[in-house]
Amino acid sequence: MNDGAVHITDLVKTYTDDRGRPTFTAVKKINLEIQNGEFMVLVGPSGCGKTTTLRMVAGLEKITSGTIAIGDRIVNDMEPKDRGIAMVFQNYALYPHMTIFNNMAFGLQLAKKKKDFIQDTVGRTSKALGLDQMLERKPQALSGGQRQRVALGRAIVRNPQVFLFDEPLSNLDAKMRVQMRSEISRLHSQLGNTMIYVTHDQVEAMTMGDRICVMKDGAIMQVADPLTLYRQPENLFVAGFIGSPPMNLLKGKIERRDGGLVFAETAEQNAVSVPLIGQVEALGSKLLDKPVIFGVRPEHLTEESKNGSHVPVASSVDIAEPMGSESLVYLKAGTGNLIARIHGEALYEMGQPLTVYVNMEKVLLFDSETEKVIR
Ligand SMILES: Nc1ncnc2c1ncn2[C@@H]1O[C@H](COP(=O)(O)OP(=O)(O)O)[C@@H](O)[C@H]1O
Ligand SMILES: [Mg+2]
């Protein structure tokens, strides 16, 4: 069966100059299996190779080596139009001189579909997207959000096996972005097609993806569902990239003190030191006297010690951002800074001393050299 699974094997893209000499390797031998019907998000900082990867799936960029298969067909040398894909870009790419109807119908007209079929398909899709009252307008008479919906509609009417999105919401204002985000998610659950969605925005990735593929410098750092990425990052990069505000990461080493293990920040004076208790102690023993990074999420620093798994750290308040039900409190501790997400409506003053308690059950340790999490 020709399903919408996408199999990416040892995929490499090296760009070349006009004489065919290699200039830059943007994708470095990546492997990724995307299930039929899955919503897969590719996320990573600008320049990490997301667009290049997506364009190779689409057939808009030549593959240097490796294979891409959609369903059971290897598509490496297949024309974009034969791949069963439809792509939605950041800049809508609508035809300015055509009506909305014709913009949406264009692909079907090219494919020589029957007039009734086109009328019916565009009619239904435009209605579902709330565009049915503006089919005779030209794109310039539409808002950014409406234009992006037309671009979406144009992809939907083609009924592709795989939808490819490249930062489709980047040009919209914040409110519209949130709205379109849920519209695309709803669309995915209605249509059930495979979707590959590229974004640099980790919040978008976390809220939309069935699974997320985190990329950096042309390589895949981790592929997992959102909560696994959040709770069990495999490396320092994923730990720091996923989550907002980001995980607190302190440099230091594991030392033996008074018969127990402590994490001690590398600093001459005022260094933070945290006794390792529970499961973290066992992890720490694997890296005694080696450089490590101690990671704790802002919500795992609390104002009270809830049970025996919490360890105090003395700090002082730098800035607090009260947000109603919780506050983001930027703290000075030791030689560095910590961010705590503290529940409740308490107000904090600049310079105020504050003891925060680290939930040691949630702490992660990373090997400074390999940047891998210690398990
Ligand atoms: N035509 C090209 N020639 C050379 N390098 C390119 C070309 N297109 C993109 N790159 C480089 O490849 C890297 C990945 O680009 P891209 O896939 O667009 O990243 P992303 O979409 O993740 O921001 C970037 O460093 C970019 O500068
Ligand atoms: Mg890009």
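**The mixed sheet and its surroundings**

The protein chain contains 9 helices and 20 strands. The model is predicted. Its C-alpha trace spans about 80 × 50 × 40 Å along the principal axes. Of the 375 residues in the protein chain, 48% count as buried. Among contacts in the protein chain with a separation of 6 or more, 66% are between residues 24 or more positions apart.

The part you ask about is an open sheet of 6 strands, with mixed pairing and the order 6-7-8-3-9-10. Its edges are strand 6 (85–88) and strand 10 (219–224), each of which pairs on one side only. From one strand to the next, the twist averages 15°. At one end of the order, strand 9 (residues 211–216) and strand 10 run antiparallel and are joined by 5 bridges. Within this pair, Cys213 has Val223 of strand 10 as its bridge partner.

Helix 1 (residues 50–58) packs on this sheet. The strands that helix 1 touches are strand 3 (39–43), strand 6, strand 7 (162–166), strand 8 (194–199) and strand 9. The direction of helix 1 makes about 150° with that of strand 7. Helix 4 packs on the sheet too, touching strand 6 and strand 7. Its direction makes about 175° with that of strand 6.

Helix 4 (residues 144–156) also meets helix 5 (residues 174–191): the two axes come within 11 Å and cross at roughly 15°. Angles under 35 degrees count as roughly parallel, and helix 4 and helix 5 are therefore roughly parallel to each other. Their crossing is right-handed. On the side of helix 4, the contact is made by Gly145, Gln148, Arg149, Leu152 and Ile156. Helix 5 contributes Met176, Gln179, Met180, Glu183, Ile184, Leu187 and Leu191. Sorted by class, this contact has 7 nonpolar, 3 polar and 2 charged residues. For reading such a list, an α-helix has 3.6 residues a turn, so residues three or four places apart point the same way.

Just after helix 2 comes Lys112, with a positive phi of about 55°.

Strand 17 is mostly covered, with 6 of its 8 residues buried.

With strand 16 (residues 310–322), strand 17 runs antiparallel and is joined by 6 bridges. Val317 stands opposite Leu331 in strand 17, and Pro322 stands opposite Ser327. The hairpin of strand 16 and strand 17 has 3 residues between the strands, and Gly324 in the turn has a positive phi of about 100°. Strand 17 and strand 18 are also antiparallel, joined by 8 bridges. In this pair, Ala333 stands opposite Gly336 in strand 18. Their hairpin has 2 residues between the strands, and Gly334 in its turn has a positive phi of about 60°.

A few backbone details lie elsewhere in the chain. Asp10, in strand 1 (residues 6–16), has a positive phi near 45° although it is a residue other than glycine. Asp10 has 31% relative accessibility and so counts as partly exposed. Lys29, which is in strand 2 (residues 22–34), is not a glycine either and has a positive phi of about 55°. At 55% relative accessibility, Lys29 counts as exposed. The peptide bond from Ser244 to Pro245 is cis, with omega near -5°. Pro245 lies in the loop between helix 8 (236–241) and strand 11 (248–257).

Note on methods:
Residues numbered from 1 in each chain as written. Chains lettered and ligands numbered in written order. Predicted model: local features only at pLDDT ≥ 70, side-chain atom pairs only at ≥ 80, totals over all residues. Heavy atoms only, no water. Axes fitted to C-alpha atoms, helices over the stretch in contact; angles between N-to-C directions. Helix = DSSP H or I, 4+ residues; strand = E, 2+ residues; numbered from the N terminus. Parallel < 35°, antiparallel > 145°, perpendicular 65-115°, else oblique. Left-handed = near helix turned anticlockwise from the far one by under 90°. Contact = heavy atoms within 4.5 Å. Nonpolar A, V, L, I, M, F, W, Y, C, P; charged D, E, K, R; others polar. Pairing = 2+ DSSP bridges. Buried < 20%, exposed > 50% of the residue type's maximum accessible area, 1.4 Å probe, protein only.
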